[in-house]
Amino acid sequence: MEFRGQHLLGLEGLSAGELNFLIDTAASFKEISDRDIKKVPTLRGKTVVSLFYEASTRTRTSFEIAAKRMSADFISIASSTSSASKGETLLDTARNIAAMRPDAIILRHSCSGAPHFLARRVDCSIINAGDGSHEHPTQALLDLLTVRERKGRIDGLNVAIVGDVLHSRVARSNLLALRALGANVRLIGPPTLVPHDFGRWGEVCHDLRHGVRDADVIMMLRIQRERMTGNFFPTLDEYSAYFCLTRSVLEEARKDVIILHPGPMNRGVEIASDVADGGAAVILDQVTNGVAVRMAVLYLLVNAPREELEVPAATVETAPAVARPRRKAAHA
Amino acid sequence: MPEMLLVAGGTVVDPANGVEAARDLLLVDGLVHALGEPGSLTRDARGAEVVDAAGCWVTPGLVDMHVHLREPGYEYRETIASGAEAAVAGGFTSVACMANTKPVNDNAAVTEYILDRARAAARAHVFPIGAVSVGLEGKQLAEIGEMRRAGIVAVSDDGHAVNDSGLMRRALEYARLFDMAVIAHEEDCGLAHRGVMNEGPTSIRLGLRGMPAAAEEAMIARDIALVELTGGRLHIAHVSTAGSVELVRQAKRRGLAVTAEAAPHHLFLTEEAVEGYDTNAKMNPPLRRERDVEALREGLRDGTVDAIASDHAPHHADEKDVEFDQANFGVIGLETTLPLALRLVHDHGFARDRMVRALTVAPARILGIPRGTLSQGVVADVTVIDPDAVWTYQVAESRSKSRNSPFDGWEMKGRARCTIVAGRVSWSLAERNERH
């Protein structure tokens, strides 16, 4: 199995084989971050630009660390400091960056479809780091890696996704991938945030206790305060009275349930502090795995086109885990 | 010497007069002079220029009751001249243009300016539609009577709904003074909630904000109630959902003065076209689902939906080649409306006279304009349609200044061969081919 494609725009349409290959590749990169000297030369001479139109600490830092551990040159652009603040369009900004010949642009944007729009118009790889309410593929991949590490499988697991499913790109990427990998997905939240149209992708459930019953995995989503202005729920207090994951709710789940949260958490709103800090939470594992997943994605997309069948000797010496022969390509 | 034009050898389709037969048509000094058996007008037509209509339908000049010509204010998208040229290339001899220009057509001076520009262009008849409210702001009634004197044929805040029910009530009442229809863009803004496509499984999958069908239907239900209250005349622009069609059907059954139009994109595309975030599939009302498309066609077939109108809405590439959320709503349609309407006849079992009615006399009567028939003595607007011409629509060759069509590259069957405005050939396919 392999992952073909110039871009990573989303997980929709990826097969179980492709998803597993991405997760396997990420798993093989984890070891690098445990080394004394956390750097391999795999992407030496490659340039990666992150272009973030939304605030982000975790995702941007994770990509930066991933790129730097692979020896890529990493340039970070935030919209507040870029020419976007002077009114330049996304397309013009991206074309200008692309003209400097980077190997990949990592895009975070508040408009769904923004990376798809760019992928048709610039010729470097586009990696979606979250587009509007659409997808956040690397987040879902790190969630899947975390689940698989803990559970040994994904097929057949009961996974409950709780919260603002309607607006969540994390939920969309996860539920598409979880289904492809054979998990049973339940979507939990008030009808305003989990409308019945989601029924074709998972079991829709409006009762938290019922929804987490027999769950192997609970994925919490962040509740955004600005949703109150759209009247999706009256107040955060009322929301948490019905949908906060507490110890008492947790008793409905399987004994060995694990809890994921993409962060940043609203403690006491969607998740009680003692649950967030308790033994079932794997939230920091997710963050650790995020670096490995992004190393894998950069490796597969940025390195792929010019790579020979055999991984160069230098790479093998320092990064044995990545020596997975994939494809034969002519030297450019 | 009178100016004469003989349209010979075609099949005249004139639903208003119940004519659907092989006839020659003689136009003299800009008016319809006579309709006769093939060959019977030869003596009267001595010295006339002849348009060969063999194998063609000869219909009253087509009327597009819903276009945006963008002048004044947005001439980079379209001008009255370029819009009129696109109109005649698409077979339309008359267009009614919406008021959302800059400045808004909410006073007689703007109405007069539009009519002056149309006269200067001299390609097609342009009938301005005035705003319901000053600046389209939905607060204060515009000077409808002054605009009526200057030449408007209806009022509409199209592009926006009239959200204030009290204002809509007054508009329906006041427009009765001039026997004009209020043309309504039906959208409950609270329900539409800044949506960018139809609400449903596709919007959920794409992560785009949805506009539910109920946003349109709730407003139509309100306006029908207001027609009952006021006795006013309501025309519903670009009906797009099955529920809307049913509401109009019921209102008509109760004898209310409610009419409706459908746009070709709602008759031939579904929300699936948004896939890949194609901004040429972004319009308002949005593309809906298959069952809505079917209900719309059925409504058009049984007369619930009276007219076909393009909702021609030109936008510059810079306003469309952007993130989906940020793209303008709307598509151009003057040159694709007739071929798509013909598709209803070719592929969907529509009667020919039903389709022609929806593009001629039906919209003309709603607007109260003396167009849409071939009765003796009327202004000689005629469209000669070759129903079988197979061609490919290439938006790059459009007469419009804009290129935002979702139908680029579509195989079409049928098109206008010749468009005659006030007795003169304003556009002909043959000339166009020669120039190429």
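**Stop 1: the two domains of chain B**

This is a predicted model. To colour the two parts, select 4-58 + 378-393 + 408-435 of chain B for domain 1, and 61-367 of chain B for domain 2. These bounds come from a domain assignment.

Now look at where the two domains meet. Domain 1 of chain B puts 20 residues in contact with 23 residues of domain 2 of chain B. Which elements supply at least two residues each on the domain 1 side? Select β16 (382-392), β17 (411-421) and β18 (424-428) of chain B. Of the elements on this side, β17(B) gives the most, with 8 residues. Colour the domain 1 side by class, and you get 12 nonpolar, 4 polar and 4 charged residues.

**Stop 2: a helix pair in chain B**

Stay in chain B. Select helix α1 (residues 80-89) and helix α2 (residues 108-121) of chain B. Their axes come within 9 Å and cross at roughly 55°. That angle makes α1(B) oblique to α2(B). The crossing of α1(B) and α2(B) is right-handed.

Show the side chains next. From α1(B), pick I80(B), A81(B) and A84(B). They meet I114(B), R117(B), A118(B) and A121(B) in α2(B). How many residues of this contact are nonpolar, polar or charged? The contact of α1(B) with α2(B) has 6 nonpolar, no polar and 1 charged residues.

**Stop 3: the two domains of chain A**

Move to chain A. Select 16-134 + 290-322 of chain A for domain 1, then 137-285 of chain A for domain 2. Taken over C-alpha atoms, the centres of these two domains of chain A are separated by 27 Å.

Go to the contact between them. Here 19 residues of domain 1 of chain A touch 15 residues of domain 2 of chain A. On the domain 1 side, α1 (16-29), β4 and α11 of chain A each supply at least two residues. The largest share, 6 residues, comes from α1(A). By class, this side of domain 1 of chain A holds 10 nonpolar, 6 polar and 3 charged residues.

**Stop 4: a sheet of 4 strands in chain A**

Switch to cartoon view. Follow the strands β2-β1-β3-β4 of chain A in that order. These 4 strands form an open sheet with parallel pairing. Which strands are at the edges? They are β2 (73-78) and β4 (125-131) of chain A, and each pairs on one side only. From one strand to the next, the twist averages 15°.

Zoom in on β3 (residues 104-109) of chain A and β4(A): 5 bridges join these parallel strands. One pair to click is I105(A) and its bridge partner in β4(A), I126(A).

**Stop 5: a sheet of 5 strands in chain A**

Now trace β7-β6-β5-β8-β9 of chain A. These 5 strands also form an open sheet, and the pairing is parallel. The edges are β7 (203-205) and β9 (258-260) of chain A. The twist here averages 20° from one strand to the next.

Inside this sheet, select β5 (residues 158-162) and β6 (residues 184-188) of chain A. They run parallel and are joined by 5 bridges. Click V159(A): its bridge partner in β6(A) is V185(A).

**Stop 6: a helix pair in chain A**

Select helix α5 (residues 137-151) of chain A together with α6(A). The two pack at an angle of about 55°, with their axes 8 Å apart. At that angle, α5(A) and α6(A) are therefore oblique to each other. Is their crossing left-handed or right-handed? The crossing of α5(A) and α6(A) is right-handed.

The contact uses P137(A), Q139(A), A140(A), D143(A) and L144(A) of α5(A). From α6(A) come V170(A), S173(A), N174(A) and A177(A). Sorted by class, the contact of α5(A) with α6(A) has 5 nonpolar, 3 polar and 1 charged residues.

**Stop 7: where the chains meet**

Finish with both chains on screen. Their contact takes 17 residues from chain A and 14 residues from chain B. On the chain A side, select α3 (90-98), α4 (114-119) and α6 (169-180) of chain A, which give two or more residues each. Here α4(A) gives the most, with 3 residues. The chain A side divides into 6 nonpolar, 7 polar and 4 charged residues.

Methods. Residues are numbered from 1 along each chain as its sequence is written. Chains are lettered from A and ligands numbered from 1 in the order in which they are written. This is a predicted model: local features need pLDDT of at least 70, side-chain atom pairs count only at pLDDT 80 or more; totals for chains, interfaces and linings use all residues. Two residues are in contact if their C-beta atoms, placed from the backbone, lie within 7 Å. Ala, Val, Leu, Ile, Met, Phe, Trp, Tyr, Cys and Pro count as nonpolar, Asp, Glu, Lys and Arg as charged, and the others, Gly among them, as polar. Two strands pair if DSSP finds at least two bridges between them. Axes are lines fitted to C-alpha atoms, for helices over the stretch in contact, and angles run from 0 to 180 degrees between N-to-C directions. Domain bounds come from an automatic or database domain assignment. Angles under 35 degrees count as roughly parallel, over 145 as roughly antiparallel, 65 to 115 as roughly perpendicular and the rest as oblique. A crossing is left-handed if the near helix is turned anticlockwise from the far one by less than a right angle, and right-handed if clockwise.
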